[in-house]
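Okay, thanks for coming, everyone. I've got one structure to walk through today, so let me put it up on the screen.

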Amino acid sequence: MAKKPQSNKNSILLELLFYAALPYIIWNFGREPLGDYVAMLLSTVPGIVYTLYRFIFDRQFNITGIFILGSLLIGTTVDLLSGSAEQMIINGIYLSLFYTFLYCILFIVKQPFSLYIAVDFAYLQGYDRKDSKTLFFQKGIFKWFQIIQAVFIIRGLFMAGLTAFLLNKYGIDGYGDMLIYKKVAGWIFSIIVMGLFFNINNVVQKHTKQSHENKQPETQSSEVVTESV
């Protein structure tokens, strides 16, 4: 248990390196000899490599993992087909809005993606998927997954709006700063989502404890009846 904080710290440092620092360096030193578009494409490579590494390392062969890999493939394809650095950013905005639209649909039909993330995580901890899903749909627990889903929607709209604003204000020359601003904003939303997931964990524990306590009197009552007979 004592190694977890160090592991989390290392993960944060690796994300900073592969999603922000290396892309920023590649963009700044590669745009002059390679051109804006090629430099921007190359700047996405560290993030792709790290994402694939995490996918294989964590063995996320589940809904969450499939979504991550699918998003990676779609994003890379869109980047390659963009044709220019500016169009690549614009297409990224449209893609972000597309995912946000999907989150909205899942929110409306009450099948929050956040719930399935939790089911996958619980499965990695040794819990049955079906049992976890049934538990998470219980009243008092499910609403928190809807709240996280709403945060996903807000995050998607905010990130798309932030990218559009920065592109309009600074143009393609501000792409390096854009990476930093977006990463910081992403971390803020990640902290909010993690806090909500921790809260759900507490709610689930209380719900499980309460259910266990409610079953005990019934069991004791059954034993009394059996003894009387």
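Predicted model: local features only at pLDDT ≥ 70, side-chain atom pairs only at ≥ 80, totals over all residues.

Residues are numbered from 1 along each chain as its sequence is written, and side-chain values use heavy atoms, with hydrogens and water left out.

So, what's the fold? The chain has nine helices and zero strands; those are DSSP runs, H or I of at least four residues for helices and E of at least two for strands, numbered from the N terminus. Of the contacts with a separation of 6 or more, 71% are between residues 24 or more positions apart, and contact here means heavy atoms within 4.5 Å.

On to the inside. Buried residues are 33% of the 229 in the chain. The cut-offs are under 20% relative accessible area for buried, over 50% for exposed, and partly exposed in between, with a 1.4 Å probe and protein chains only.

A nonpolar core is a set of buried Ala, Val, Leu, Ile, Met, Phe, Trp, Tyr and Cys residues joined through side-chain atoms within 4.5 Å. The largest one has 20 residues, and Leu115, Phe136, Ile141, Phe145, Ile148 and Phe152 touch the most other members. Helix 6, helix 8 (142-170) and helix 9 each supply at least two residues of this core. There's also a second, separate core of 17 residues, including Tyr37, Leu41, Met159 and Leu166.

Back to Phe152: leaving aside residues up to four places away in sequence, Phe152 touches Tyr103, Phe113, Ser114, Ile117 and Val193.

Now the outside. Tyr24, Ile25, Phe29, Ile180, Val184, Ile188 and Ile192 make a nonpolar surface patch of about 650 Å² accessible area together. Patch members have over 30% relative accessible area and no salt bridge, with nonpolar side chains (Val, Leu, Ile, Met, Phe, Trp, Tyr) joined within 5 Å and like charges within 9 Å. A salt bridge is a Lys or Arg side-chain nitrogen within 4 Å of an Asp or Glu carboxyl oxygen. Areas are Shrake-Rupley with a 1.4 Å probe, and for residues only the protein chains shown count as cover.

Which helix gives the most to that patch? Helix 9, with four residues. Ile188 sits in helix 9 and is partly exposed, at 49% relative accessible area.

Last one: Lys110, in the loop between helix 5 (85-108) and helix 6 (113-124). Phi of Lys110 is near 60 degrees, a positive value in a residue other than glycine, and Lys110 counts as exposed at 51% relative accessibility.
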